[in-house]
Amino acid sequence: MVLGMRADGSSPIKLTTTGQNYMPTWSPDGRHIAYYSLRNGEYEIYVINTDGSNEHKITSGGNNFQPVWIP
């Protein structure tokens with residue numbers, strides 16, 4: 001599960017409901033969260049908007065871990 005919240009840490013909301021999700025990492029601009037997820041037998045990296053919209057996979061094949069943003 002990946003949680004989103006306000007910058008002060010209040011009002012947490014559940015952003016993901018599918019798979020086992022790990023290592024949520026905020027983008028430098030604060031608009032997106034990257035994380036890796038175990039779905040369909042492989043770990044893949046996903047990105048989601050901080051409001052929970054527009055979740056999409058950005059890797060394909062193999063096992064991909066620990067997303068890192070590069071400003």
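Phe65 is partly exposed, at 42% relative accessibility (buried means under 20% relative accessible area, exposed over 50%, partly exposed in between, with a 1.4 Å probe and protein chains only). The model is predicted, so local features need pLDDT of at least 70 and side-chain atom pairs count only at pLDDT 80 or more, while totals for chains, interfaces and linings use all residues. Residues are numbered from 1 along each chain as its sequence is written, and side-chain values use heavy atoms, without hydrogens and water.

A search of the whole structure gives six aromatic pairs. Rings of Phe, Tyr and Trp (its six-membered ring) pair if their centres lie within 6.5 Å; planes under 30 degrees apart count as stacked, over 60 as edge-to-face and the rest as tilted. One of the pairs joins Tyr22 and Tyr43. This pair is tilted, with 6.3 Å from centre to centre and 55 degrees between the planes. Tyr22 belongs to strand β3 (residues 20–26) and Tyr43 to strand β5 (residues 42–49), so the contact ties together parts 21 residues apart in sequence. Strands (E, at least two residues) are DSSP runs, numbered from the N terminus. Tyr22 is partly exposed, at 31% relative accessible area. Tyr43 is also partly exposed, at 22%.

Ring pairs join Tyr22, Tyr36, Tyr43 and Phe65 into a cluster.

Note on methods
Helices (H or I, at least four residues) and strands (E, at least two) are DSSP runs, numbered from the N terminus.
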